[in-house]
Amino acid sequence: MKEFITDIVKYLKLSDASVREGLNHELYVNLAGYEFRNTMELLSKEFSLIAVFCVQNFNGHDGFTLFYAFEQKGRYEVVVFQRPLSSFQATSVADLFPSASWYEREINDGFGIEFTDAFDKRRLFLHEVYPPDFHPLLKAFRNHPIETRKDIMPEQEYRFNEFAGEGVYQIPVGPVHAGIIEPGHFRFSVIGETIFNLEIRMFYKHRGVEKLAEGKTPLECVPVAESISGDETAANATAFCVAVEKISGIDVPPRAWQLRTVFLELERIYSHLGDMAGMITDVAYPVGASNFYILREEILRQNSAITGSRFLKNIVAIGGLKHDVAIGALVGLLKYLKTFPASLKDALDLAYRSPWVIDRLETTGIIEKRLIDPLHITGPAARASGVDTDTRIDHPYGIYSHLPLQKHVLEKGDVMCRFAVKAAEIMDSVQIINDLLIEGIKQGEVFASTRVRDGYALGVVESPRGQTMHWVYIKNGLIDRYKVRTASYCNWRAIEHAIQGNIVPDFPLINKSLNLSYAGTDL
Amino acid sequence: MNSFMLYSILNTAFVLLVSPLFISLIKKTKAYTQGRRGPSLFQTYYLIVKLMKKEVIYSSNSSIIMRITPYLNITFMLAASLFVPLLFIPASSPGIGNIFLFLYLLVAAKFFMALAGLDAGSTFGGMGSSREMTLSAVIEPVVIIVFATLAFVFRTMNMHEMFTQSLGTSILVNPPVLLISLSLFIILIVETSRIPVDNPETHLELTMVHEAMILELSGSNLALMELSHAIKQTLLMGLLINILMPWGLAREPGLVNIGVAAAMFIMKGVILAIIVGLFESSVAKMRLFRLPALFMQAFFLAFVTILFELLNRL
């Protein structure tokens with residue numbers, strides 16, 4: 001940590017006083033008084049942007065403070081730059097960090113802060129129906145239903161990028177789809193069947209999670225974190241609890257962390273199995289897919305036997321776990337996992353043996369390596385494109401620093417690679433759970449305490465889809481600001497790039513190979 | 001003439017009766033291969049009855065095409081059904097049985113379906129029609145070659161005469177028929193929009209071909225389209241069955257003859273439907289632009305059949 005501080009101070013020519021240590025292996029750098037653009041330009045050479053968020057009335061500063069969270073390859077610590085604002089205007093960094101564009105539009109919607117030189121100033125999560133002066137994240141706004149606009153003039157409508165030319169036409173798809181899936185709008189620009197541009201519009205079911213959390217006690221907020229995305233319950237709950245525990249100085253008992261790790265890995269297993277089943281279904285090979293569906297269902301039943309919830313709800317708590325897990329259920333899981341690798345191998349063999357399937361998966365939907373960092377694409381999608389990133393190893397939490405983890409990195413970045421990376425990760429997760437269960441989960445308490453203190457901290461966790469970040473700010477025992485950034489939020493833009501040059505009927509497959517959560521984006 | 005009336009009534013009624021069964025049976029087979037139980041064998045009958053009772057809704061952009069297409073489709077299919085005797089082979093009557101007329105009755109139905117897909121102006125309908133026409137442009141010459149091969153092998157363009165001949169001989173003495181049957185099987189798969197060409201079970205509107213064209217249809221119109229599709233499948237199955245394994249098909253009408261023929265056809269149809277279901281389960285959908293490779297296999301087999309037949313005759 002000390003060494004990293006020295007390096008940063010030297011690299012950015014800061015004064016020592018502007019850097020301070022956070023509570024969960026993060027550094028906070030106050031940029032008040034520094035040339036903002038220069039610093040960002042320097043950062044863009046060595047660091048990657050994790051998230052940008054805004055806080056009103058942070059630590060006595062009357063007004064807005066922008067937070068820019070960065071990570072650097074090989075560094076455990078996350079660096080968070082603080083930029084206090086004195087007005088409703090800010091400088092855009094989207095030209096340096098393309099991933100910042102969505103964050104800036106989001107802050108513009110939430111707080112009414114204008115990023116003066118941004119290349120894209122369209123609204124993001126507030127659709128046309130919301131009045132122009134509606135900024136729900138302002139402290140002055142009390143959470144209540146508002147009057148939405150009934151008549152929307154053509155000039156008030158959201159403007160998609162327009163393309164023209166001979167044979168060019170646009171295909172609008174969604175937000176209502178033919179299957180039972182979540183809402184999202186996809187605007188394809190195509191020539192014949194070949195897609196040359198895709199624009200994705202989300203936030204059709206924005207629930208105001210961040211506003212909902214404000215004014216709640218951290219204890220009340222755990223179910224909110226669990227509801228962010230149904231199939232990432234354990235990951236989101238853990239990220240939130242880690243942040244609160246670090247703020248409050250709670251030491252989570254080892255048994256609780258071991259069990260949390262079991263849940264997190266079970267979640268990864270069933271999510272990946274669902275993704276793989278989906279990929280095989282989307283190439284219309286239901287026989288191959290059914291094996292993965294069966295395995296996923298068996299894991300869900302194990303979840304239910306261990307925690308009482310198929311989707312691991314209501315078990316992770318601030319300070320440990322809500323309740324202990326019965327030894328019989330763990331023995332049952334261990335017994336089941338003995339037969340699991342062979343079943344998975346059979347399922348994989350069936351898929352890999354079909355040249356029809358291989359032909360569909362290979363060279364489809366390539367995500368280029370050069371896009372991973374600028375767009376902050378994360379999780380299996382990044383690893384399948386040749387980038388060795390994994391939050392469990394890069395920013396370990398809980399007991400992950402003691403586990404023999406490895407990153408599965410493949411180079412090509414197509415659907416096949418994402419399929420293979422997920423398969424390999426399932427086997428790893430099984431191994432992790434197996435090792436934990438065989439070595440014996442430590443006896444003892446699963447719960448320390450829920451005495452909550454004021455403060456702020458970051459919780460970063462690797463969910464099945466990739467890096468998930470929660471930032472919690474507690475004031476007077478209540479949540480004052482809760483910022484969540486899931487892996488789905490980052491990876492939607494990966495699809496926009498992966499699809500280029502592919503044909504329309506391959507879109508569902510490419511979409512499924514990332515299988516992003518709409519709910520996890522529409523916070 | 002009386003005997004032809006009898007044929008028309010019996011054959012049409014039989015086709016209408018058994019077609020939904022084969023659709024359900026394929027679904028059931030596929031479900032079993034996936035470890036599921038699948039729908040009841042009567043599900044397609046229920047579906048058609050249900051749709052018949054439902055309200056018909058037209059898009060405000062749609063024209064007369066949308067309204068007449070379902071009726072045209074079922075008419076074309078029922079007319080085509082006269083060409084494929086499933087119970088007994090009638091005395092020849094002019095025009096009925098010409099194999100190319102049969103092909104173009106099917107194509108005419110497809111043409112109107114593609115128009116209906118475009119008619120409502122929805123994105124997916126247009127996409128489905130465009131894909132269907134693209135594929136048709138490739139599959140149609142192949143079908144012509146395959147049918148021409150049949151005509152060449154049997155030395156007649158009348159399907160009824162072909163079936164009479166195949167009834168008289170065994171495939172063992174006429175091996176080219178085996179080869180051409182493979183081509184007919186591929187045509188059956190392609191023309192009924194099955195995997196690997198199209199996925200009848202998909203909910204993914206972006207990948208659809210056949211389903212996309214009928215997305216805008218509802219109620220009894222949709223029921224007629226579903227029924228037409230089922231009939232088309234039975235006719236192509238009937239063509240393959242009558243060429244490859246015609247046993248049981250009656251030469252003369254008669255109560256016992258027809259009873260035996262009906263039982264035999266259902267049995268053979270069940271076997272073929274199960275084979276189609278197993279075939280569909282064993283492959284994945286091909287990339288759209290690789291489909292011509294599959295069609296070319298049918299073309300190649302037809303070509304080889306012609307070669308064999310030529311050698312035979314030398």
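Begin by selecting strand E3 of chain A, residues 48-56, in this predicted model. Eight of its nine residues are buried, so the strand is largely enclosed by the rest of the structure.

Now extend the view to the whole sheet. Five strands of chain A form an open sheet in the order E1-E2-E5-E4-E3, and the pairing is mixed. Its edges are strand E1 (19-21) and E3 of chain A, each of which pairs on one side only. On average, neighbouring strands of the sheet are turned by 25° against each other, direction ignored.

Move to the edge formed by E1(A). This strand pairs with strand E2 of chain A, residues 26-30, in the antiparallel sense, over three bridges. Here Glu21(A) stands opposite Leu27(A) of E2(A). Then select helix H1 of chain A, residues 2-12, which packs on the sheet and touches E1, E2 and strand E5 (78-84) of chain A. The direction of H1(A) makes about 30° with that of E2(A).

Zoom out to see the division of chain A. Colour domain 1 (2-115), domain 2 (159-201) and domain 3 (209-514) separately. The C-alpha centres of domain 1 and domain 2 of chain A lie 35 Å apart.

The following stop is the interface between the chains. Select the 24 residues of chain A that are in contact with 23 residues of chain B. On the side of chain A, the elements that give two or more residues are strand E8 (168-173), helix H8 (286-307), helix H10 (355-361) and helix H16 (507-514). Colouring this side by class shows 17 nonpolar, three polar and four charged residues.

Finally, turn to chain B and select helix H4, residues 99-119, together with helix H5, residues 123-154. How are these two helices of chain B oriented relative to each other? Their axes lie 10 Å apart and the helices pack at an angle of about 175°; H4(B) and H5(B) are therefore roughly antiparallel. Display the side chains where H4(B) meets H5(B): by class, this contact has 12 nonpolar, six polar and three charged residues.

Technical notes: Residues are numbered from 1 along each chain as its sequence is written. Chains are lettered from A and ligands numbered from 1 in the order in which they are written. This is a predicted model: local features need pLDDT of at least 70, side-chain atom pairs count only at pLDDT 80 or more; totals for chains, interfaces and linings use all residues. Domain bounds come from an automatic or database domain assignment. Two residues are in contact if their C-beta atoms, placed from the backbone, lie within 7 Å. Helices (H or I, at least four residues) and strands (E, at least two) are DSSP runs, numbered from the N terminus. Ala, Val, Leu, Ile, Met, Phe, Trp, Tyr, Cys and Pro count as nonpolar, Asp, Glu, Lys and Arg as charged, and the others, Gly among them, as polar. A residue is buried if 20 or more other C-beta atoms lie within 10 Å of its own, exposed if 12 or fewer, and partly exposed in between; C-beta atoms are placed from the backbone. Axes are lines fitted to C-alpha atoms, for helices over the stretch in contact, and angles run from 0 to 180 degrees between N-to-C directions. Angles under 35 degrees count as roughly parallel, over 145 as roughly antiparallel, 65 to 115 as roughly perpendicular and the rest as oblique. Two strands pair if DSSP finds at least two bridges between them.
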